[in-house]
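User: I am new to this structure. Please take me through the terms used for it, one at a time.

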Amino acid sequence: MNIREATRDDAGLLADMLVEAVNWSSEGKKQSRRRVLSAPGTAHYIAGWPREDDLGVVAEADGQRLGAAWLRFFPPEKPGYGFVAADVPELTIGVAARWRGQGVGRALLRAVEERATSGGIRRISLSVERKNFARKLYLAAGYEVVYAASPDSDTMVKVL
Ligand SMILES: CC(C)(COP(=O)(O)OP(=O)(O)OC[C@H]1O[C@@H](n2cnc3c(N)ncnc32)[C@H](O)[C@@H]1OP(=O)(O)O)[C@@H](O)C(=O)NCCC(=O)NCCS
């Protein structure tokens, strides 16, 4: 597996991974790709990719893209679900279903954090639903719950 920087050409993959992140639960109704990419609360995680201050990574193996993780800054007037401050970018991460559980997510997380550190970013935030096992991955990687964003989800922050 190789991890490289995400480029303009990865916009479609990142959109797919955003759809995976929104639809992480096997229960309940899935949101369509079209809806995820048009609803204001989700579309802004990827709209206009890449913005100047976006930072992302893609995992590849044998020419196939396995997943992606990226960071985006949000303004306080249009915050993401995991917003804590305008200078703290929010993480989105997704691995294509058939590649999960093989260490790709953990490697993507580490790679995006390394690049963030090199770019002078001091903290990363995210929002995760409590039932999503991704929460355990984040806890193991050093993210801490800073508040309960809703009865079902937490906002977490890692100080790099
Ligand atoms: C969350 C996600 C990115 C993790 O990527 P991954 O490649 O599956 O994760 P990894 O293989 O690196 O595993 C990371 C940890 O999660 C654990 N894990 C993996 N699959 C699991 C599963 N189905 N159930 C419980 N734990 C699991 C692993 O055991 C590992 O922990 P460990 O090393 O301490 O055992 C991926 O599963 C995914 O894309 N999920 C759907 C999108 C999503 O939920 N995004 C996050 C929204 S907040």
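User: Where is Pro50 found?

Analyst: Pro50 is in the loop between helix H3 (40-43) and strand E2 (55-61). Helices (H or I, at least four residues) and strands (E, at least two) are DSSP runs, numbered from the N terminus. The peptide bond from Trp49 to Pro50 is cis, with omega near -5 degrees. This is a predicted model, in which local features need pLDDT of at least 70, side-chain atom pairs count only at pLDDT 80 or more, and totals for chains, interfaces and linings use all residues. Residues are numbered from 1 along each chain as its sequence is written, and side-chain values use heavy atoms, with hydrogens and water left out.

User: Why is Asp62 called exposed?

Analyst: Exposed means over 50% relative accessible area, buried means under 20%, and partly exposed lies in between (1.4 Å probe, protein chains only). Asp62 has 81% relative accessibility, so Asp62 counts as exposed. Asp62 is found in the loop between E2 and strand E3 (64-72). Asp62 also has a positive phi of about 50 degrees, although it is not a glycine.

User: What makes Gln31 partly exposed?

Analyst: The relative accessible area of Gln31 is 28%, so Gln31 is partly exposed. Gln31 lies in the loop between H1 and helix H2 (33-36). Gln31 and Glu20 are 11 residues apart in sequence and 9.5 Å apart in space, C-alpha to C-alpha.

User: Why is Gly12 called partly exposed?

Analyst: Gly12 has a relative accessible area of 36%, so Gly12 is partly exposed. Its place is in helix H1.

User: Is Ile121 buried or exposed?

Analyst: Ile121 is buried, because its relative accessible area is 12%. Ile121 lies in the loop between H4 and E5. From Ile121 to Pro89 the C-alpha distance is 8.2 Å, and the two are 32 residues apart in sequence.

User: Which residues are closest to the ligand?

Analyst: The closest are Val95, Gly103, Gly105, Arg106 and Asn132. In total, 20 residues surround the ligand. A residue is near a molecule if one of its heavy atoms lies within 4 Å of it.

User: What is the division of the shell residues into nonpolar, polar and charged?

Analyst: The shell around the ligand has 10 nonpolar, seven polar and three charged residues. Ala, Val, Leu, Ile, Met, Phe, Trp, Tyr, Cys and Pro count as nonpolar, Asp, Glu, Lys and Arg as charged, and the others, Gly among them, as polar.

User: What distances separate the backbone N or O atoms of Gly101, Gly103 and Gly105 from an oxygen atom of the ligand?

Analyst: For Gly101 the distance is 2.9 Å. For Gly103 it is 2.7 Å. For Gly105 it is 2.8 Å. The protein covers 68% of the 930 Å² of accessible area that the ligand has on its own. Accessible areas come from the Shrake-Rupley method with a 1.4 Å probe.

User: Which elements give two or more residues to the shell around the ligand?

Analyst: They are helix H1 (11-22), strand E4 (90-95), helix H4 (104-118), strand E5 (123-129) and helix H5 (134-140).

Note on methods
Polar contact = N/O pair within 3.5 Å; in protein donor to acceptor, adjacent residues only side chain to side chain.
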